[in-house]
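Here's a quick tour of the fold, from overall contacts down to one helix and the cores. Keep the 3D view open as you read.

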Amino acid sequence: MAVAVDNWAGQIRAGDVRAISRAITAIENHDPQAVEILRQLFPLTGQAYLVGITGAPGTGKSTLVDRLAAHYRSQKQTVGIIATDPTSPFTGGAILGDRIRMQGHATDSGIYIRSMATRGFLGGLARATGDVALLLDAAGKQVVLIETVGVGQDEVDIVRLADCTVVVLVPGLGDDVQNMKAGLMEIGDIFVLNKCDREGADRLEQQLRAMLQLAPARDAWRPAVVRTVATENKGVDELARAIAGFRKQLQASQERRAKRIAHWKQRLIELLEARLLERVLGHARGEQALEELAAEVAERKRDPYAAVSELLARVGLK
Ligand SMILES: Nc1nc2c(ncn2[C@@H]2O[C@H](COP(=O)(O)OP(=O)(O)OP(=O)(O)O)[C@@H](O)[C@H]2O)c(=O)[nH]1
Ligand SMILES: [Mg+2]
């Protein structure tokens, strides 16, 4: 197995599409080999620039990601794309718009596109996405674009792993900015006003800028606002410039360092939780023991604190 994993990791480093796809499937399936691969590849990571693209459903995230990817490819940068939105799989072709563009990407070895299966992720979608980003990083992708619908905790966690977060808004959804989740406002490094071919773009921009004025000042960066019409490729160069500007500005800042440390702290806690759960409940009788203890607690035959102590004691932990 060691040799097989060595070969596999080597193929991933070389950017082999099938090897990458197999590894992502292994991550999704909690295959122990995925951990072996990721361990081997980890020292090579930290090179890619991770850009999270988030916003409400239908705001044009996939269209923007597609155009941004084309922009980076025209600059000879290699690109990875991860879509975590169950409703719009990239692989279906519906989202990348016309088939011609899709096929353009399909024959381009400098771009790798994958939509993540979102159903039933034990360890959380954010964790799996983080692992896939590491994989694409090790495979030499210079920019990794992560699309996610900005609604739940999963999405906010995904955004936390990005180096730069782009929040996409569109005019015409009423008092959009007012109603927007405070969380989204806080995580945005760059705000895109997409669908600016529609009415209400000026008003939305005014509202957004007023909100941003109220936000607590950040040391190194004032969030940028970029207007786009993704379907017409308008504003995409400006967006890429804003991303590059943010990257340059934050490169050596304390803010970035602190964000990375916070990210890995969270990941270490998650890994620790997973390992502890595996150790305590992962054995043959684990599930049954949990069930029995839970029943005893429900019937007040035992208190929950003693029950946990007992579970830990069974595997030699206190
Ligand atoms: N008028 C207009 N339509 C746009 C623009 N950008 C995207 N669209 C259209 O908006 C629709 C949704 O675009 P997507 O790129 O799929 O949006 P999304 O945010 O990825 O959607 P979900 O992944 O389902 O949340 C599509 O029909 C696009 O063609 C734009 O700038 N102007
Ligand atoms: Mg989409």
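## Contacts and overall make-up

Take the contacts between residues at least 6 apart in sequence: 76% of them join residues at least 24 apart. Keep in mind that this is a predicted model. The secondary structure comes to 14 helices and 7 strands.

Of the 318 residues in the protein, 47% are buried. The protein exposes about 17000 Å², with carbon and sulfur atoms supplying 53% of that.

## Helix H11, one side in and one side out

Helix H11 covers residues 236-250, and its end C-alpha atoms sit 21 Å apart, which agrees with the 21 Å that 15 residues should span at 1.5 Å a residue. Its buried residues are Val236, Leu239, Ala240, Ala242, Ile243, Phe246 and Leu250. They cover an arc of only 155° around the axis, so they fall on the same side of H11. Over on the other side, Arg241 and Lys248 are exposed.

What covers those buried residues? The cover includes strands S1 (49-55), S5 (164-169), S6 (190-193) and S7 (224-227), along with helices H4 (61-74) and H12 (254-281).

The largest nonpolar core has 33 residues, and Ile12, Ile20, Ile82 and Leu135 have the most contacts inside it. Helices H1 (2-13), H2 (17-28), H3 (32-41) and H6 (125-138) and strand S4 (143-149) each supply at least two of its residues. H6 gives the most to this core, with 9 residues.

Apart from that core lies another, of 30 residues, including Val65, Val143, Ala220 and Leu239.

Notes:
Residues are numbered from 1 along each chain as its sequence is written. Chains are lettered from A and ligands numbered from 1 in the order in which they are written. This is a predicted model: local features need pLDDT of at least 70, side-chain atom pairs count only at pLDDT 80 or more; totals for chains, interfaces and linings use all residues. Side-chain values use heavy atoms; hydrogens and water are left out. Helices (H or I, at least four residues) and strands (E, at least two) are DSSP runs, numbered from the N terminus. Buried means under 20% relative accessible area, exposed over 50%, partly exposed in between (1.4 Å probe, protein chains only). Contact means heavy atoms within 4.5 Å. Accessible areas come from the Shrake-Rupley method with a 1.4 Å probe; for residues, only the protein chains shown count as cover. The expected span of a helix is 1.5 Å times one less than its number of residues. The arc is that of the directions from the helix axis to the C-beta atoms. A nonpolar core is a set of buried Ala, Val, Leu, Ile, Met, Phe, Trp, Tyr and Cys residues joined through side-chain atoms within 4.5 Å.
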